[in-house]
Amino acid sequence: MTTSTANHDLKENIKRAYDDIADKYLTWTEHSHKVRLAYVNTLLQNLNSTTETIILELGCGAGVPVTQLLSSNENFRVTANDISSAQIALAKQTLPESVTLIEGDMMGLDFANESFDAVLAMYSIFHLPREEQVTILRRIFGWLKPGGFILANFPAGEFDSQFNEAWLGGQKGVMHWSGWGKEKIGVILKDVGFGIIVDEVVVDSEEADHDVAFQWVLAKKEV
């Protein structure tokens, strides 16, 4: 099996898994809302939100709460992407029509260079195989305007691939995660050309006995 075929199959499994658990995931993620919104507000403090601001969100899910917050600003023009058709269907119910929703693998997105003032990717890039994570970060750099920002989180630990056939009780598809680890992601971002503004590790208490450490990064496209 070629790498491209394997990655396609992996994405199809991720899509099926998220489609299956979409409603449960919407409720389950409530534990992370406070952290997500705190970092979004840090991003907003760095943006000039008094003029038209064009934003891309990768892995928007149902749009709660981040896309909702972004779309509430009349100066923001928001494009949001998710691989799951069920998640996009939920987003259509929770978001205003002003948000442009794109269903599909983020690796299939194609935008002109310097299209966005900010790109957000919360709990999403780490679903990609590690080599694709590097590729998408390079693409994001190209899509950003000079001085634009990326806000994203990554696993704090390093691991090649992890799979779960029944994540959150799902019965379809297979969930996948991978991570470069905190130090290597920092090096990758700097090699791509980003200047790091915030680089912090926050522990998510996903379940009573399951804490997961995530690296949160706000970085700027240096000119």
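How many cavities of 30 Å³ or more does the count come to? The count comes to two, and the views below take you past both. This is a predicted model, where local features need pLDDT of at least 70, side-chain atom pairs count only at pLDDT 80 or more, and totals for chains, interfaces and linings use all residues. Residues are numbered from 1 along each chain as its sequence is written, and side-chain values use heavy atoms, with hydrogens and water left out.

**View 1. The largest cavity has a volume of about 370 Å³.**
Of its 30 lining residues, Gly 59, Cys 60, Asp 82, Tyr 123 and Ser 124 are the closest to the centre. Helix 1 (3-28), helix 3 and strand 2 are the elements that give two or more residues to this lining, and helix 1 gives the most, with six. The lining of the largest cavity splits into 15 nonpolar, ten polar and five charged residues. Some terms: a cavity is a set of points on a 1 Å grid over the protein atoms alone where a 1.4 Å probe fits but cannot get out, and lining residues have an atom within 4 Å of a point. Grid points are joined across faces, edges and corners, and a volume is the space filled by probe spheres set on the points. Ala, Val, Leu, Ile, Met, Phe, Trp, Tyr, Cys and Pro count as nonpolar, Asp, Glu, Lys and Arg as charged, and the others, Gly among them, as polar. Helices (H or I, at least four residues) and strands (E, at least two) are DSSP runs, numbered from the N terminus.

**View 2. The second largest cavity holds about 50 Å³ of space.**
Its lining includes Ala 17, Ile 21, Trp 167 and Met 175. Sorted by type, the lining of the second largest cavity has six nonpolar, four polar and two charged residues.

**View 3. Strand 2 (residues 76-82) is largely enclosed by the rest of the structure, because six of its seven residues are buried.**
Buried means under 20% relative accessible area (1.4 Å probe, protein chains only). Strand 1 (residues 53-58) runs parallel to strand 2, joined by six bridges; two strands pair if DSSP finds at least two bridges between them. Ile 54 has Arg 77 of strand 2 as its bridge partner. From strand 1 the chain crosses through helix 3 (residues 66-71) to strand 2, a right-handed β-α-β crossover. Right-handed means that, with the strands pointing away from the viewer, the path from the first strand over the helix to the second runs clockwise.

**View 4. Four bridges join strand 2 to strand 3 (residues 100-103), and the two run parallel.**
Look for Asn 81, whose bridge partner in strand 3 is Ile 102. Strand 2, helix 4 (residues 85-94) and strand 3 make up a right-handed β-α-β unit.

**View 5. Strand 5 (residues 144-155) has nine of its twelve residues buried, so it is largely enclosed by the rest of the structure.**
Strand 4 (residues 116-121) runs parallel to strand 5, with five bridges joining them. Ala 118 has Phe 149 of strand 5 as its bridge partner. With helix 5 (residues 130-143), strands 4 and 5 make a right-handed β-α-β unit. Strand 5 also pairs with strand 9 (residues 210-221), this time in the antiparallel sense, over seven bridges. Here Pro 155 has Phe 214 of strand 9 as its bridge partner.

Definitions and conventions:
Buried < 20%, exposed > 50% of the residue type's maximum accessible area, 1.4 Å probe, protein only. 1 Å grid on protein atoms, 1.4 Å probe; cavity = no way out; pocket = protein on both sides within 12 Å on 5 of 7 lines; lining within 4 Å.
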